[in-house]
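This briefing describes how two protein chains are built and how they meet. Please keep the sequence and the structure in view while reading.

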Amino acid sequence: MKIDFTHKQTAHCENGVVSNLMTYNGFPVSEPMVFGIGSGLLYCFIPILKVNHAPAITYRVMPGQIFKKFAKRVGIKIKKEKFKNPKEAKARLDENLAKNNPVGLQVGVYNLTYFPDEYRFHFNAHNLVVYGKEENTYLISDPIMEEVSSLTDKELGKVRFAKGAFAPKGHIYYPIDFPKELDLKNAIIKGINHTCKDMLAPIPILGVRGIKFVANLIRKWPKKHGVKKANHYLGQIVRMQEEIGTGGGGFRYIFAAFLQESSEILKNDKLIDLSKEMTEIGDLWRDFALNASRIYKNRKAAQDSYESVAAQLDDIADREKVFFKKLKKAIK
Amino acid sequence: MKKDEVPQDRSSLETAKFKELCYAIDKDGNYTTAKSTGWSPKTIALDNAIRDINERVEKAKQRVFANETSPIEYYMELHKMDLSILASYVGLWGWRVKRHFKPSVFKKLSNKILKKYAVVFEISVSELQQIKD
């Protein structure tokens, strides 16, 4: 059985699942809109946790939060379930497919067979849509892939019950109740306000302060851990920023696209200028990644090169501080 | 980032024949999307991470042969895991898994425990006990 579901590639998985599921249910909403209303943008240094033997930084909110906030703000209801028993998880999935209902799933990446081997790490906050089943094969719309894919019963079971940090536990979710019309205007304002609050939060590891916190860590790494480890850490920062969920630069561009789209809906020209400013900040994030890559490309590097990328991060933090203060005012 | 600046570097995406989607502005300053084949700062970071893992695997293997650790640590590295990920897959406390790295402890492990590891690594118990050079 195959549901008539339109697969559309997006930059980030959770945005994509929400945008594609909304479109299927007759409410076309763009990826940037989902990301902005769901307050997806974030910066947070996560203490204690190590990812690939390096410190963890997230550039987005916790998995599932974008959809949760988006749903609440536009007035739709979502059904969410986690399971202890894989058999129950499978039964619930099959039930929905039998009712012609495509569903979102949270999965681990390590056993996603259609991913290139190089990308298969123990990362558990990936999202995809299942839109059908043919014998023992599930039809998969993975939003970061150009085309649809498929997974066998066994393969899907594995990724749904991947273990480690953020274990998905068979997490399944789908919208169940829709208003007549989505209240985008209020939702946009709530989304923006929330992001401004997060990014300007008076917590040392969060938002703009978090960026400065990491800049200071980078300065200490070569002395504290030696060049090899410092470079590994720096490489991981760039990977978390640009790869595992299009983090730093990529997310800034999505946010800028959201502001541009919002300026029309809210009839607010200030957001056009702010969108341009965010694009410039996105470019700065990419410059940072480029310079960081020059350090970890060679296995040896001078102390002042760490200093210079740390200074770049400080500069980004200052720019974002000014930016989010302006943004907060612009929608008042 | 302008649309014509969207990076088209070589990367491992090529082998899977897929491109990733990026947001960028067109010549009128409006946001649009464009596909990217990859970006070298990312590719270098990924290549380094993979080289790092391969080094860890090789080191673990040599330590197994030198009787300094058990094959469990080798297979853990081979599957890109760390202690906490492996512990959650086998459903044991981290300190127990760590103890099983000791060759003397590993030799005395019951078949039931060995089987747990073998299932996670998708190998037989005998493959778990004897790694190949």
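Predicted model: local features only at pLDDT ≥ 70, side-chain atom pairs only at ≥ 80, totals over all residues.

Chain B contains seven helices and two strands. In sequence order, these elements follow the pattern β-β-α-α-α-α-α-α-α.

**Overall form of chain B**

- The radius of gyration of chain B is 22 Å, whereas the globule rule gives 14 Å for 133 residues; the value for chain B is well over that figure, so the chain is more spread out than a compact globule.
- The C-alpha trace of chain B spans about 70 × 30 × 25 Å along its principal axes.
- Buried residues make up 32% of the 133 residues of chain B.

**Domains of chain B**

- The domain assignment divides chain B into domain 1, residues 3-38, and domain 2, residues 53-129.
- The centres of domain 1 and domain 2 of chain B, taken over C-alpha atoms, are separated by 41 Å.

**Domains of chain A**

- In chain A, the assignment gives a domain 1 made up of residues 13-37 and 77-177, together with a domain 2 of residues 184-330.
- Taken over C-alpha atoms, the centres of domain 1 and domain 2 of chain A are 28 Å apart.
- Where these domains of chain A meet, eight residues of domain 1 are in contact with eleven residues of domain 2.
- The side of domain 1 of chain A that touches domain 2 of chain A consists of five nonpolar residues, two polar residues and one charged residue.

**Contact between chain A and chain B**

- How many residues of each chain take part in the contact between chain B and chain A? On chain B there are 31 residues, and they are in contact with 37 residues of chain A.
- Three elements of chain B each give two or more residues to the side that touches chain A: β1 (20-25), α1 (40-65) and α3 (83-90).
- Of the side of chain B that touches chain A, α1(B) provides the largest share, with nine residues.
- Sorted by class, the side of chain B that touches chain A holds 20 nonpolar, five polar and six charged residues.

Definitions and conventions. Residues numbered from 1 in each chain as written. Chains lettered and ligands numbered in written order. Contact = placed C-beta atoms within 7 Å. Helix = DSSP H or I, 4+ residues; strand = E, 2+ residues; numbered from the N terminus. Nonpolar A, V, L, I, M, F, W, Y, C, P; charged D, E, K, R; others polar. Domains from an automatic or database assignment. Rg over C-alpha atoms; globule rule 2.2 N^0.38 Å. Buried ≥ 20, exposed ≤ 12 C-beta atoms within 10 Å, placed from the backbone.
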